[in-house]
Amino acid sequence: MDESGVNPNTNVIRIFDTTLRDGEQSPGASLSSAEKIDIARQLARMGVDIIEAGFPAASPDDLEAVRRIAHEVGTPDGPVICGLARAHQNDIDKAWEAVQAAAKPRIHTFLATSDIHMQHKLRMTREQVIERTREMVAYARAYCEDVEFSPEDACRSDPDFLVQVLTVAIEAGATTLNIPDTVGYITPHEYGALMRKLITETPGGDRVIWSVHCHDDLGMATANTLAGLEAGARQAEVTMNGIGERAGNTSLEEVVMALHTRPNFYQFSTQIDTTQIARTSRMVSNFTGIAVQPNKAIVGANAFSHEAGIHQDGMLKHQATYEIMTPETVGLTQSNLVLGKHSGRHAFRVRLQELGYEMEGEELNQAFQRFKELADKKKVVTDADIEALIAVEFYGPEEVFHLEGIQVACGQPGMPTATVRLRGPDGQIYIQAAIGTGPVDAAFQAIDRIVSVPNTLVEYRVSAITEGIDALGEVTVRIRRDANGGRTFGGHGADTDIIVASTKAYLAAVNKMLAYTGYADRAPEGDAATVRVGTTA
Ligand code: KIV
Ligand code: ZN
């Protein structure tokens, strides 16, 4: 067994999740530290072998988030916690500073090897790249026994040069060699052949773990990943929902479920608890604000729906007629009628535990209170309702402003008007009213008037969590800050009233933007019409 409990000679594929690093590089996917930790916990619960928690040299906040994940999630029976570093001493120092608290730390360092990257980006010769690889892998190895090296843009590099670089990386102490298709260019056949060549021709290649890392620019990331595993790689680098740079990375759920559903063909297994997939997918989508397309394999809303009459008829006769895996395998329980308004605190707590949420004391009391309020409005409360409630209210971003109340007047004819009441970071209550094109627009404008930090709404999405007129409405909002480079922030809200859900989602996105810009330390300016009414609600 190696340090993460996987025997490198077996056919167990290590799942290396990079949702928090490559995934967070998706346009618009900025996560708060609290969200990163929640996602890391959920990834650990799902059973991923390695979490690439971030790029610590990117900023002090990134370093701190990786450090907290290493400390809180990197327990002895938890996953390896990995930090990314360019092949620079400073990056490697920062990566080590961030991951060293983990029981099983890893430093992942990379350097480009394609002619186009070496000439135009690095301005380095092949000899210099070989020397830097030797020095920086050895530098990382002096800190940490577990060192991964990636020749960036490997799939557009000269394969014989790659062998030279990888030979040096092994000599300098790398324990995992990752072969990235950085720009999503290669085809499955070519990737399999490249992987086979590298594994057989690199001296010492039998002593390291080979890893696959693909991007989806041509829609071939999953196929390429599987081809790399068939060729001998034993680690797959993936992200939840396939989020990542440009068209994204290989999606975790597709690779894991391909191996799970076709065991006779692939003869590989993973340590993933597949029943955690749907929940992890929802959490990542909610926290990043990046929607999952309805027809997305495994986790899309339609992945297990059957529309055509002939299919429905077949399904009623036998589920296997049109389903190669059951929704339950990925954690989509159909029989999710769980609790009602007469359910007690104990039953609620047990259900929370079954869903993977450990809550005690005051936090449990608050969650139970919210459940009761929901059960008063809805006849039956499903698992999805509970998860939406918990995810938004207890695992959501840190609050700068808290929503104390929202009232709207709308209709036809009329002037949609919203009055919003927020508790600010200084404890004071702020009230504002606005007229908008509709009640949601009016509510958002009222919030903007209090907060006074300009932003542009780039996405607003409403969906129903369950069926029926009393369904919990789920809203995702994305805003772009107008100043300082236009970073995007996502927010999520759920309520039986979609105006309330929308206001919560917008405020969550605004809070994330404010936390990012350090706003929490000052009192809101508000516009001239903002009413301040003391510090009690
Ligand atoms: O795609 C890529 O090349 C990467 C490396 C940093 C591994 O993400
Ligand atoms: Zn990548």
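I take helices (H or I, at least four residues) and strands (E, at least two) as DSSP runs, numbered from the N terminus.

**Entry 1: ground rules**

I am working with a predicted model, where local features need pLDDT of at least 70, side-chain atom pairs count only at pLDDT 80 or more, and totals for chains, interfaces and linings use all residues. Residues are numbered from 1 along each chain as its sequence is written, chains are lettered from A and ligands numbered from 1 in the order in which they are written, and side-chain values use heavy atoms, with hydrogens and water left out.

**Entry 2: the second largest pocket**

I call a pocket an open set of points on a 1 Å grid over the protein atoms alone, with protein on both sides within 12 Å along at least five of seven lines; a lining residue has an atom within 4 Å of a point. Points are joined across faces, edges and corners, and the volume is the space filled by probe spheres set on them.

I looked up the second largest pocket and found a volume of about 700 Å³. Its lining has 31 residues, and L31, K36, D61, R487 and Y516 lie nearest its centre.

Which elements each supply at least two residues of this lining? I noted helix 1 (33–46), strand 2 (50–54), helix 2 (60–72), strand 16 and helix 17 (498–516). Helix 2 gives the most, with five residues.

I then sorted the lining by class: 12 nonpolar, nine polar and 10 charged residues. Here Ala, Val, Leu, Ile, Met, Phe, Trp, Tyr, Cys and Pro count as nonpolar, Asp, Glu, Lys and Arg as charged, and the others, Gly among them, as polar.

Domain bounds come from an automatic or database assignment. The pocket lies between domain 1 (14–288) and domain 3 (402–535), because both give residues to its lining.

**Entry 3: the second largest cavity**

A cavity is a set of grid points where a 1.4 Å probe fits but cannot get out. I count two cavities of 30 Å³ or more.

The second largest cavity holds about 50 Å³ of space. R370, E373, L374, K377, L389, L472, A494, D495 and T496 line this cavity. Helix 14 (361–377) gives the most, with four residues, and both helix 14 and strand 16 (488–495) supply at least two. By class I find four nonpolar, one polar and four charged residues. Domain 2 (335–394) and domain 3 (402–535) each provide at least three residues of the lining.

Strands pair if DSSP finds at least two bridges between them.

Nine bridges link strand 14 with strand 15 (473–481), and Y460 stands opposite V477 in strand 15.

Strand 12 (417–423) and strand 13 (429–435) run antiparallel, joined by seven bridges. L422 stands opposite Y430 in strand 13.
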